[in-house]
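Let's take a look at this protein together. Have the sequence and the 3D view open as you read.

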Amino acid sequence: MKKLAYILLGIAILSACTTSSHRDSNSVLESKVDSVLAKLTLDEKIGQMMQISSYYSSDAEKLKELVRKGAIGSLLNEVDPKAVNDLQRVAVEESTHGIPLIIGRDVIHGFRTIFPIPLGQAAAWNPEIVEKSSHVAATEARSVGVTWTFSPMIDVARDPRWGRVAEGYGEDPLLTSTLGAAAIKGYQGNNLTNSNTMAACAKHFAAYGAVEAGRDYNTVILSDQELRNVYLPPFKAAVDAGAVTFMSAFNEINGVPATGNKLLLTNVLRNQWGFNGFVVSDWSSVPEMVRHGFATDEAHSAIIAAEAGIDMEMSSDAYALNLAQLVKEKKISEEVINNAVRNILRVKFQLGLFDNPYVDETLSQRVMATDSAMALAQKAAEESIVMLKNENNTLPLSTSIKRVAVIGPMANDRYEQLGTWIFDGDTNLTITPLHSIKKLLGNNKVLFSKALTHSRDNSTNSFAQAKSMAKSADAVVVFIGEESILSGEAHGRANIDLPGSQAQLVKELASTGKPVIAVIMAGRPLSIGNIMPYTSAILYAWHPGTMGGPAIANVLFGVTNPSGKLPISFPRSGGQCPIYYAKKNSGRPADYTNWVPIDKIPVRAPQTSLGNTNHHLDDGFEPLFPFGFGLSYTTFEYSDLSLSSEKMGTNGAITLSVTITNTGKTGGYEIAQLYTHDVVGSITRPVKELKGFAKIWLDAGESKSIEFTLSASDLAFYKSWSEQVVEPGQFRLWVGGNSTTGLTQQFSIE
Ligand code: GLC
C-alpha cells in the first residue's frame, strides 16, 4: 500500500510541477512579450499590426524601408528564402527593436508537394493522413521562410454552388472538427520553434460556408442555434487543438460583419474558449465594413475591428492610417492596441523567431517533394477517391486488357489536376492518369484522345475520332470534370453540371457499346445525373494533386481498393442546394409514396392530387449520392450491434459495439459511421447527426468488432445562443457504411 502511496504522491508532485512549469513557461513568455511591448512607441505597436503582401522582387528597397522603420510586422506571399532573410535582417538588425517578421502564405493542401484538395482529403476520413500531409507542407514551406499558413479552412459548407467548398472538409461539423484539428497538429507539431512546423490559422471565422446561394462574400443569415450547433464547433476544436492564429471571415452574420463581430472574436473566441493567439483579418475585410454599411469610413472600420478583436490587418491600411490618431483623440484606448500587439508578439516568440529569425537558404533543396512526400501524396489521393458506381463489377479493369481508350480533357493535364490554391506547386512533378495507365499497361495498349481542349470546351469536333478510338478498345476511361479555376475563392457556380460538352462526350462514347468508366476531377460535387445512364462505373477523384495519376490508375486496375466516402451530399441539380443529411424532418417529410415525379404528373392533374410533402416536383427530396456514401471492390456486413445499456444519465455514457465482416474477395478499408437522432427536443433536432466514425482494414472474410463510446455530452446542443443543454428523452442510433443505412437501436437519456 505504501508503495502505491509513494507512486501517487510522485504523480501528484510531477503533475504539480508540470502545471507549475507550464505556468512558469507561460509567465516567462508573457514577461518576454511585455518587455518588448514596453519599449514600443504607439506607431511601432501599430506597425506590428500591419501585414502587407510582399513586393520584394519589384521594390526591395521600399519594402526594406518600411521594415526598417517598424511599419510592418508581417508579410504574406514572400517565398524566396533569400528575400525573407534580407527582410528579416533589416527587421532584426536595422530596426529600433529588432522584432522579426512573421511570413504568411496560403499553404492550403501542400506547398511544393500538392495533396488532394481538402474536400478530397475529407473523403478519406483519415485524420492521420491529414496530419502527416500538413506536416509535409509545413516542412516544405518553412524551408523557404514561411512560418505561418492560412490553413486549415474549417468552414462547414452545405452548398456545392459555393466555390470554396473545395477548400474545406465538407458538410459535417464532426468530420470538419476532427480533420481541422489533425491539420493544425500536423502544421504546428509539438514545438513551433522546429524548422518543420509553422503556425496554423483557423479560418474563416465564422460561418463563411453559409453564404446565401453559394455566392462568395454573400450574406449569411443563421439562427443562433445553427451557428452554435453547426458552424462554430470546428473552430472550438481548432482552439482545443492549439491553433495559434485565427482569420476572420469576409461575410456578415445576421447583419454584423465577422471582422467587426466582438461577440464572436472576443466573447466566444477568447472569453469562452480561452484562445490566446492572434486574429488576422481577411484580405481588406476591415475597410470592407464600409461597403457592408457597418462603418462610416475606414477610421470607423479600424475602431470597430480593433475593438472587436482583430489583432492584425491583412493587406489594407485602415489601421496604419488611422489608429495612432484615433488613440490620440481618445476614440480608441491604447490598451486595445497593446493587447493586439501582445497577441502577435506571443506567437512570434512561440515560433522562436526572436532566437532564430533566419532560414537556412540551402534547406529547401533538401526537403522539397521527397520520395516519402510523394508516396504520402499518392496514398492520400488513393484514399480520397470515391467509387460512386460500379455496374456489373466493371471495375477493376484487368491489367491484361488488350486495349483501353483514355479520353477527355482531364486525363493528362498536369496543372488542372492540382486544384485551387496551389501557388507553390510544381506542375513538372505532376504525374497524370494517362502517364500512369501507360506505365501500368504499356504504351501500345493505351489509346488517347483529349477530345476537348478544356472542361468548358463546347466543341464536338473531336468526338468522331474519340468514338472510333473507343470502338477499337475493350474499355473506355473518360476523364472529365472541372478546371481548377471553376472552384475556389469567388468561383461559385449556379449550375453545377459538368461544364462544356463533356456530358455529351460521355453519351457519344457510350453509343459505341463499350463500357465507359468516368473518372471525375472537380473542386465540388457536380450534378452528374445526366451521365449516370451512360456510364458503367464512376470514380470521383476531386482534384487529386501531384500524385493523382498513380492513385487513379491503381484504383482503376485494382492495385488499390477504393475506400473513399463522400464528405458532402451530391445534389441532383444546383436547384436542390443546399441539401445535406443532417436536415430537419419538417412537419411533412417526403417519401416515395407522396412524390409524383414531374414527368409522371398527368396533364390537368387536379390541384390536390399530388402528395403535399417536403419535395421538389422535378428533383424529389434526396441527393443523387448521400453523405458518407462510397463503394468498394469488396462488401462489408454489419452485425451484432449491442449497447452496454439502453439508457444513460445526463452525465452518463454508453458504449456500443458492432461487428463488421468483409464478405467479399478482396481486402479493403471500411469507414464505419455512427449517427444519432434526438427524437424530441426543446428545439427541433436533425434527423441524423454524425457522432463517430472508424476506418478499419479488413482482409477478405475477416471480421472485427469495433466499439464507440457515446456520452450524454456528445448529445448536447444549444437551444439558444447561450444555453447548451443535454435533454432527457428518446434517441435512436445507427451504425453503418453511410448516412442512409445501418444497424439501429433505441436508447434514452434519463
Ligand atoms: C483570401 C482568402 C483567404 C486567404 C487570404 C490570403 O482572400 O479569403 O482565405 O488566406 O486572402 O491570400
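Start at Ile671, whose bridge partner in β21 is Lys695. This is a predicted model, so please read the values below as computed from it. Strand β20 covers residues 668-678 and pairs with β21 in the antiparallel sense, over nine bridges.

Where do these two strands sit in their sheet? The order is β18-β26-β25-β20-β21, an open sheet of five strands with mixed pairing. β18 (647-648) and β21 (689-698) stand at the edges; each has a single partner strand, so one side of each is left without a neighbour in the sheet.

Now step back to the domains. The domain assignment lists domain 1 (31-105), domain 2 (375-556), domain 3 (587-621) and domain 4 (636-749). Between the C-alpha centres of domain 3 and domain 4 there are 33 Å.

Next comes the ligand. Which residues are closest to the ligand? Of the 13 residues that surround it, the closest are Asp106, Arg164, Lys203, His204 and Asp282. Sorted by class, this shell holds seven nonpolar, one polar and five charged residues.

How much of the ligand's accessible area does the protein cover? On its own the ligand has 310 Å² of accessible area, and the protein covers 94% of that.

Key:
Residues are numbered from 1 along each chain as its sequence is written. This is a predicted model: local features need pLDDT of at least 70, side-chain atom pairs count only at pLDDT 80 or more; totals for chains, interfaces and linings use all residues. Side-chain values use heavy atoms; hydrogens and water are left out. Domain bounds come from an automatic or database domain assignment. Two strands pair if DSSP finds at least two bridges between them. Helices (H or I, at least four residues) and strands (E, at least two) are DSSP runs, numbered from the N terminus. A residue is near a molecule or strand if one of its heavy atoms lies within 4 Å of it. Accessible areas come from the Shrake-Rupley method with a 1.4 Å probe; for residues, only the protein chains shown count as cover. Ala, Val, Leu, Ile, Met, Phe, Trp, Tyr, Cys and Pro count as nonpolar, Asp, Glu, Lys and Arg as charged, and the others, Gly among them, as polar.
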